[in-house]
Amino acid sequence: MPNFWSTMLQQAYECFNGPRTVDYEFEKKAQELKLVKEKVYQVKSIITTFPQRTAGIQGVCDDIYNSVSLAFDKDKCYYGFADDVCNAHKALGNAYSNCQTLIVKLAADTAKWDASFAEVETLIKKRAEARKTYDHYDEKMEKLVKERNEKLAKGKKESVKDCELFERNEDKFRKAAQEYISSSNTAYYKIQELFDFRYKMIIPVLADFIESERVFFNKGAQILNYFNNIQPRIQQLHLGFQTTPVKYDAVDYLRGRHIIGREVEMAKGQQLYIQK
């Protein structure tokens with residue numbers, strides 16, 4: 001492995017010049033992986049944010065139940081209808097709660113998608129490190145070969161120390177090349193495997209998500225279908241409506257009735273005179 005300073009120098013070099021070794025086919029495949037991940041995670045977002053986005057359904061059901069139950073007195077002819085409305089929205093809220101529970105579980109299942117992409121991304125990083133090590137020894141061997149050829153061209157012999165240095169770095173270069181090739185192939189085929197099986201990974205969760213929606217909306221339709229032809233029922237309730245008889249006169253609650261009461265009596269007397 002290259003030492004710390006060699007690695008730092010190489011990274012600084014790559015910041016300005018890019019990597020020494022570029023595998024355009026692999027880079028293309030890695031970019032495709034990013035696009036595929038974005039698309040898959042759009043589906044994941046729909047599932048994971050469903051409970052949050054639809055939480056208002058539960059709130060509306062609860063609000064209707066609470067407000068309607070408080071608004072109608074039990075001794076009135078409309079109470080039965082109001083009670084039906086309350087029970088329907090309570091059942092609707094329960095149906096939504098069941099749907100939400102199932103979808104929360106499905107959202108947790110998408111963690112497997114994270115694991116699949118994380119595995120491939122780890123292989124890509126490992127391959128990148130192997131490529132840096134390979135580039136280090138490739139550059140080093142290039143310099144050593146150049147120095148050897150220059151010495152041979154001048155008729156100079158290599159020292160034992162130079163030969164050992166050359167052979168040692170040549171061995172490291174071969175190992176680095178093998179590791180780079182192996183990690184590249186492993187990562188490339190793992191990316192392709194994820195491409196091929198991404199639909200197989202997504203569809204079971206997506207199918208269960210749609211099924212949960214179907215069950216909820218069908219249940220909601222069954223609950224609310226009870227109120228089909230609601231207007232005739234309302235008209236029938238109106239027919240049974242009776243006003244509440246009350247006896248009230250504000251005069252009984254006035255202060256100073258010794259004055260006002262006399263005026264009221266006079267007014268009543270005048271009214272009786274007119275009627276006669």
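**A tour of rings and helices**

Start by selecting K37 and Y41: in this predicted model, K37 sits over the face of Y41, 5.4 Å from the ring centre. Now jump to R127 and F26, where R127 lies over the face of F26 at 3.9 Å from the ring centre.

Next, the aromatic pairs. How many does a search of the whole structure find? It turns up 10 aromatic pairs. Pick Y96 and F216, an edge-to-face pair with 5.9 Å centre to centre and 70° between the planes. Y96 belongs to helix α4 and F216 to helix α6 (residues 160-224), so this pair ties together parts that are 120 residues apart in sequence. Both Y96 and F216 are buried.

Then show Y134 and Y180. This pair is stacked, at 5.4 Å centre to centre with 15° between the planes. Colour helix α5 (residues 111-153) to find Y134 and helix α6 to find Y180; the pair links distant parts of the chain, 46 residues apart. Are they buried or exposed? Y134 and Y180 are both buried.

Last stop: select helix α4 (residues 79-109) and helix α7 (residues 230-239). Their axes come within 10 Å and cross at roughly 145°. To see the contact, show side chains for G80, F81 and D84 of α4, along with I230, R233, I234 and L237 of α7. Sorted by class, that contact has 4 nonpolar, 1 polar and 2 charged residues.

Technical notes: Residues numbered from 1 in each chain as written. Predicted model: local features only at pLDDT ≥ 70, side-chain atom pairs only at ≥ 80, totals over all residues. Heavy atoms only, no water. Axes fitted to C-alpha atoms, helices over the stretch in contact; angles between N-to-C directions. Helix = DSSP H or I, 4+ residues; strand = E, 2+ residues; numbered from the N terminus. Contact = heavy atoms within 4.5 Å. Nonpolar A, V, L, I, M, F, W, Y, C, P; charged D, E, K, R; others polar. Phe/Tyr/Trp six-rings, centres within 6.5 Å; stacked < 30°, edge-to-face > 60°. Buried < 20%, exposed > 50% of the residue type's maximum accessible area, 1.4 Å probe, protein only. Lys NZ or Arg CZ within 6 Å of the ring centre and 35° of its normal.
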